[in-house]
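Please open the model in your viewer and keep the selection panel at hand. The stops below say what to select next and what is there.

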Amino acid sequence: MSRDVCRNAWQAEAERDGRLGPAERASFARHAPSCADCTAELASLAALDDAMGALPSGERTALEHRRARQALLRAADAEIAGRAPVRRAPWLYATAAAAVLVLAVGAALRLSHPVHTEAVAVATAQFEVADVAAAQWSRETTGATTRLALRAGTAGFHVEHLEGAARFLVSLPDGEIEVRGTRFVVAVDGGHTRSVEVTEGTVALTLPGYAGLLRAGERWPAVAPAQASPTPSAPSAPPSSAAIDPPAATDRHVASPAPAPSPPSAPSVSTAATAPATSAAGTRFGEAMSAYSAADYGRADALFEAFVRDYPRDGRAEDATFLRADARARRGDAAGAASIAKQYLRAFPHGLRRTEARRLAGD
Amino acid sequence: MMAAQRMNPPAPATDAALLARVRDGDLGALGELYDRHAESVRRVLARLGLRPGDADDLTQATFLDVVRAAASYDGRDSARPWLVGMAVMRARRHRRSITRWAAHLVSVGREPSPPAAATPEAALDRQQQAQRAQRALDALAPKKREVFVLVVLEGLSGEEVATTLGVPVATVWTRLHYARRELRDALSRGER
Ligand SMILES: [Zn+2]
């Protein structure tokens, strides 16, 4: 600093943040134009806002939003109802093909002490493998299943939440790990798994003499030898009161061998999530949603109706039916809304929109 | 009883009204809140440094928190600051978990490899600007970053941010001041 800057310069920032009192504001407004420091400071602040304004907003498409919303409502429904959540649903962000992001190599991990990471993106799972110590691993993808074989060494894994039917497994020389979305570190040596440590999420670990879940903060083998080894699966479908995140639910979510992807005849599991974004059904639903979002309710009603007619088994048929009723209501057609809401309640008696539908149905 | 309120006109309800319905188990109200605020919550998460998949995850988690916390909502018309606050808390927890993971990776120990070489950027100007801004933001310490994101990028008031973060307003302004200073430094370094 060769000279002192104007002592009022701090007011530029305060002014920008709206924290000057009226008198101070007025006085600063008089002062600033004739003061080089304050003018420069104001310009610099404006330039900063401009520069930071270049950040992408990263909004999802309407369809992505929609699917995430559907997944949220299913998870919330399970939680509100206090029944064992259908844990497949919550993580169906299901951006399908659109979700195939290419993760930047190395940029993914910001470690003060960087280790080499390899980021891999496939249609079914996004994950990173950090080679911590001489990790030897290979990858194999079959359909929606991604399998990494860790033969030796120590590797850190970060698996992002998986879409619908996607599975992610780590094969160990003597066992297996299945996850849905988590961070963990595995060490293999001499053909044996030496340790598994979970820092986020939950993994299902199967080894000779051990089968159970490890949650964030847990490791196998437990440091204390006397561990209460969780039984592999005793998910006794508890009609428990709404416990937040009941363990049994997590058990089911992670440990269940995720039976084959839902058949198309099972609309209760969102098939929407597994349908590729570019499918005809997806396009059609998207068109209807666009009309709905644009408040073109007449057109939305017609498009949703056609969608339900043509794709009655699609997971979005439920939403489409409800939105028809809603569109009618928004156009002021209460009778039409009530009639479609009743259709909805007949077709989806446990539907996520049943509360609203009952209201629209007028009962 | 909320259930008796049957013929709601399609006029927009306040967030507070929607939250009252969420508290009573109305998923439609949760969906509506989601439509209003999910993209904004997700954007905040992304700007706090979460990668897209994690931002998706935490957006869902935040809205599930809404179900649990609806009963304690303070009744302000717009729930955005409250939602953003919950997202910030989620992001903090997530960061701690990553930090532990990273620390563990390192503690297992081995010679660090050199960081991956920077890719040559021959990209569009706009893209470069975005990257520059992103790098500058990424370099901020978490607390400064939170304040900058919430006040400047998201337009929350100092008071709202103070409430959200549980700090005095003066602290918000101080952090913001240092955040700006660091960002300006980082951006001007990037120019050279
Ligand atoms: Zn001045």
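## Stop one: the metal site

Select the zinc ion, which is coordinated at 2.1 to 2.3 Å by C6(A) through SG, H31(A) through NE2, C35(A) through SG and C38(A) through SG, donors being N, O and S atoms within 2.8 Å of the metal (3.2 Å for Na, K and Ca), with water not among the atoms, so that sites may look incomplete. This is a predicted model, in which local features need pLDDT of at least 70, side-chain atom pairs count only at pLDDT 80 or more, and totals for chains, interfaces and linings use all residues. Residues are numbered from 1 along each chain as its sequence is written, chains are lettered from A and ligands numbered from 1 in the order in which they are written, and side-chain values use heavy atoms, leaving out hydrogens and water.

Along the chain, the donors of the zinc ion follow the spacing C-x24-H-x3-C-x2-C. The four donor atoms subtend angles of 103 to 114° around the zinc ion, and the arrangement is therefore tetrahedral (four donors with all angles between 85 and 135 degrees).

Next, select C35(A), which counts as buried because its relative accessibility is 9% (buried means under 20% relative accessible area, with a 1.4 Å probe and protein chains only). C38(A) is also buried, with a relative accessible area of 0%.

## Stop two: chain B

Now select chain B and colour by secondary structure: chain B has eight helices and zero strands, where helices are DSSP runs of H or I of at least four residues and strands are runs of E of at least two. Of the 192 residues in chain B, 50% are buried.

How values were computed: Four donors count as tetrahedral if all angles lie between 85 and 135 degrees; four count as square planar and six as octahedral if opposite donors are over 155 degrees apart and all others between 65 and 115; anything else is irregular.
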